[in-house]
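Please keep the structure in view while reading.

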Amino acid sequence: IATNVYRTQMGEKVLTATCIIQPSIDNIHAIRLVTSMEKVDGENANGNFFYNSLTSYDVIFLITHGSYDDKKDLHWICTGEECNKAKRDKIFNLINQWIGFTVDRDDVAKYFGFGFGIVDEQRGEESESIIYLMFNEVFLQEIKGTFNNSIIFNTSCQSLTGGYPLADVF
């Protein structure tokens, strides 16, 4: 039996995963699969990373904030990309120029699969409301590549509320 333990520390949160594999000809590749880990966090875990690179990983620990919009039946996953008002407005202006007409925030969420969410965080002595770029299952259906045989541990809150669309996309 081969046992590999990986530990990632994020502030006070510690994630530990143990992989126990019975060696055989069929799963020798699985032993090789879990021999390294890359941590992508903060501003590096931005929209560009999720769109272009997420599917290139075999094992994914998705440790982030999440929410569920029961009116639109959408599951939201938070990136590490902070977005102030100027950055949000720039993104919406680029979309409007690209498609040739004006869309509102609800249309962007429904058709493009991303939006913005506010997360209250403790930063130093102060509690701050931080705006982050978020995406939903619509966005995940459009990203580059596929999750072919990937193992995904999604710890974002409310990911299974209202059904399993995120699991179906992954």
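This is a predicted model: local features need pLDDT of at least 70, side-chain atom pairs count only at pLDDT 80 or more; totals for chains, interfaces and linings use all residues.

Thr55 lies in the loop that runs between helix 2 and strand 3 (59–62).

**Thr55**

- The relative accessible area of Thr55 is 15%, and Thr55 is therefore classed as buried, the cut-off being under 20%.
- Leaving aside residues up to four places away in sequence, Thr55 is in contact with Ile143, Lys144, Gly145, Thr146 and Phe147.

**Ser159**

- Ser159 belongs to the loop that connects strand 8 (151–154) with helix 6 (165–169).
- Is Ser159 buried or exposed? With a relative accessible area of 9%, Ser159 is buried, because buried means under 20%.
- When residues up to four places away in sequence are not counted, Ser159 touches His75, Asn154 and Leu166.
- With one of these, Asn154, there is also a polar contact: the side chains of Ser159 and Asn154 approach to 3.1 Å.

**The second largest pocket**

- The second largest pocket holds about 430 Å³ of space.
- Its lining is made up of 16 residues, and those closest to the centre of the pocket are Gly47, Tyr51, Phe112, Phe114 and Phe139.
- Which helices each supply at least two residues of this lining? They are helix 2 (47–52), helix 3 (85–99), helix 4 (105–112) and helix 5 (137–142).
- Sorted by class, the lining of the second largest pocket comprises 11 nonpolar, three polar and two charged residues.

**The protein as a whole**

- Six helices and eight strands are found in the protein.
- Their order along the sequence is β-β-α-α-β-β-β-α-α-β-β-α-β-α.
- The protein has 170 residues, of which 35% count as buried; Thr55 and Ser159 are buried residues.
- How many of the contacts between residues at least 6 apart in sequence join residues at least 24 apart? The share of such contacts in the protein is 59%.
- The accessible surface of the protein amounts to about 11000 Å², and carbon and sulfur atoms account for 50% of that surface.

How values were computed:
Residues are numbered from 1 along each chain as its sequence is written. Side-chain values use heavy atoms; hydrogens and water are left out. On a 1 Å grid over the protein atoms alone, a cavity is a set of points where a 1.4 Å probe fits but cannot get out, and a pocket is an open set with protein on both sides within 12 Å along at least five of seven lines; lining residues have an atom within 4 Å of a point. Grid points are joined across faces, edges and corners, and a volume is the space filled by probe spheres set on the points. Helices (H or I, at least four residues) and strands (E, at least two) are DSSP runs, numbered from the N terminus. Ala, Val, Leu, Ile, Met, Phe, Trp, Tyr, Cys and Pro count as nonpolar, Asp, Glu, Lys and Arg as charged, and the others, Gly among them, as polar. Buried means under 20% relative accessible area, exposed over 50%, partly exposed in between (1.4 Å probe, protein chains only). Contact means heavy atoms within 4.5 Å. A polar contact is a pair of N or O atoms within 3.5 Å; within protein, one must be able to donate a hydrogen and the other to accept it, and residues adjacent in sequence count only if both atoms are side-chain atoms. Accessible areas come from the Shrake-Rupley method with a 1.4 Å probe; for residues, only the protein chains shown count as cover.
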